[in-house]
Amino acid sequence: MSNDAIVLLREDHKEVRRLFRAYRESAGDDAAREGTVERIVEALTVHTYLEDELVYPKVREQLPALAGEMRRAEQEHHVADLLCEELSRMSSGDEEYDAKVLVLIDAVERHIEEEEGSWFPQVRAALGRKELQELGERMLGVRETAPRKPERAGVLHRVADALEG
Ligand SMILES: [Fe+2]
Ligand SMILES: [Fe+2]
């Protein structure tokens, strides 16, 4: 298995795209849709965390020219986090469920295309093989303890449980 940071990020993107396809193909099957959305939320939460904590700071440091793009990408992460958090509290029977999932899918697909098309090649050129492998090693380590559910949703669930309990 490669420990190159860009290869690892691309593998995550591939898995996310696979889950998006599975969602689109499971129309009409509520249980399957909910299961797929749970996996989408988990995959995006872990991936976004790794990018926010390790990858984006490195890119900012090494490629100051990308600062504007990074700011925008961070806002895109923020929007995805909010939608994931809302979805993690909804069920497929909710009227807005499908629309929210499809907006999330659209936004993340566009975001991934920008990452892969626009700045991955620049990051590879700027960091070089050794530094990308070091970054990848750190990603593999942090991945073990990365949050798997949207942070605020976790807090809200705990508050709701405490109020009910
Ligand atoms: Fe991202
Ligand atoms: Fe990404």
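Predicted model: local features only at pLDDT ≥ 70, side-chain atom pairs only at ≥ 80, totals over all residues.

Colleague: Is the crossing of α3 and α4 left-handed or right-handed?

Modeller: The crossing of α3 and α4 is left-handed, meaning that the near helix is turned anticlockwise from the far one by less than a right angle (clockwise would be right-handed). Residues are numbered from 1 along each chain as its sequence is written, while chains are lettered from A and ligands numbered from 1 in the order in which they are written.

Colleague: At what angle do helix α3 and helix α4 pack, and how far apart are their axes?

Modeller: Two packed helices are described by the angle between their axes and the distance between the axes. Here α3 (residues 67-87) and α4 (residues 97-143) pack at about 155 degrees, with axes 10 Å apart. The axes are lines fitted to C-alpha atoms over the stretch in contact, with angles from 0 to 180 degrees between N-to-C directions. The pair is therefore roughly antiparallel, the word for angles over 145 degrees.

Colleague: Which residues make that contact?

Modeller: Among them are A73, V79 and L83 of α3 and V101, L104 and W119 of α4; contact requires C-beta atoms, placed from the backbone, to lie within 7 Å. By class, this contact has 11 nonpolar, 2 polar and 4 charged residues. Nonpolar covers Ala, Val, Leu, Ile, Met, Phe, Trp, Tyr, Cys and Pro, charged covers Asp, Glu, Lys and Arg, and the others, Gly among them, are polar.

Colleague: How do α2 and α3 pack?

Modeller: They pack at about 155 degrees, with their axes 10 Å apart. That makes α2 roughly antiparallel to α3, and the crossing is left-handed. Their contact includes V41, L44 and Y56 of α2 and M70, A80 and C84 of α3.

Colleague: And at what angle do helix α1 and α4 pack?

Modeller: Helix α1 (residues 5-25) packs with α4 at about 160 degrees, with axes 6 Å apart. This crossing is left-handed, and the contact has 15 nonpolar, 2 polar and 4 charged residues.

Colleague: Where does α2 bend?

Modeller: α2 bends by about 45 degrees at D52, the angle between axes fitted to the seven residues ending there and the seven starting there.

Methods:
Helix = DSSP H or I, 4+ residues; strand = E, 2+ residues; numbered from the N terminus. Parallel < 35°, antiparallel > 145°, perpendicular 65-115°, else oblique. Contact = placed C-beta atoms within 7 Å.
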